[in-house]
Amino acid sequence: MKRIAQFFKVSQEQFCQALMEEFPQYTQEEAREIYRTLELPRRATRGSAGYDFYAPVSFSLKPGATAKIPTGIRVQMDEGWVLQIFPRSGLGFKYRLQLDNTVGIIDSDYFFSDNEGHIFIKLTNDTNQEKTLEVSKGTGFAQGIFLEYGITTDDMADGIRNGGLGSTTL
């Protein structure tokens, strides 16, 4: 296996600001404590392809509800690689939990964005069985898989990224 990436936390300031925007019930002091306890993504077993992303806070998703989760995580990876984000397969199976953009794509140059390459995961509970999803702080709720990719022989891309979520759309 190739070792091509490393996870880091974003700055405390970046995380606290993002957390309080999405979860306004938390104070600055509480957000700092949550930041202190953030876990970097990791694989559960030697054979796991996915790196589990852990919930920074507890959250509930009623049927049809959506939440945007600031993970507090960024990733530095070699050029020619992408990190794809998916819901944990068990949550998708039990709750039809889905990412709002179907698959999250984290490009190698996102690490250098103004928001420090902060990875956000936006989820929807798309259950048709009226099940409310409860995710406890520290529970794996998404997984990221690194994939190598190629480009065309006549590729001339020379743009510079600044931001995420459609920032490179022309």
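Reader: In this predicted model, what makes F15, L38, F53, H118, I119, I121 and F141 contacts of T71?

Author: Contact requires heavy atoms within 4.5 Å. Leaving aside neighbours within four places in sequence, T71 meets that condition with F15, L38, F53, H118, I119, I121 and F141. T71 itself belongs to the loop between β4 (66-70) and β5 (73-77).

Reader: Why is T71 called buried?

Author: The relative accessible area of T71 is 2%. Buried means under 20%, so T71 is classed as buried.

Reader: Why is D52 counted as buried?

Author: D52 has 9% relative accessibility, and the cut-off is under 20%; D52 therefore counts as buried. This residue lies in strand β2 (residues 51-54). Not counting residues up to four places away in sequence, D52 touches P41, R42, A44, R88, A142 and Q143.

Reader: Where does β2 stand in its sheet, and why is one side of β2 left without a neighbour there?

Author: The open sheet has four strands in the order β2-β11-β6-β8, paired antiparallel. Both β2 and β8 (104-107) stand at the edges with a single partner strand each, so one side of each has no neighbour in the sheet. On average, neighbouring strands of this sheet are turned by 30 degrees against each other, direction ignored.

Reader: How do you know that β6 and β11 pair?

Author: Pairing requires at least two bridges between two strands. Seven bridges join β6 (residues 81-87) to β11 (residues 140-148), and the two run antiparallel. Within this pairing, V82 has L147 of β11 as its bridge partner.

Reader: Which residues of helix α2 are buried, and why are they said to lie on the same side of α2?

Author: In α2 (residues 28-36), the buried residues are A31, I34 and Y35. They cover an arc of only 100 degrees around the axis, which places them on the same side of α2. The exposed residues E29 and R36 are carried on the face turned away from that buried side. The cover over the buried residues of α2 includes β1 (5-9) and α1 (12-22).

Terms used:
Residues numbered from 1 in each chain as written. Predicted model: local features only at pLDDT ≥ 70, side-chain atom pairs only at ≥ 80, totals over all residues. Heavy atoms only, no water. Buried < 20%, exposed > 50% of the residue type's maximum accessible area, 1.4 Å probe, protein only. Arc of directions from axis to C-beta. Axes fitted to C-alpha atoms, helices over the stretch in contact; angles between N-to-C directions.
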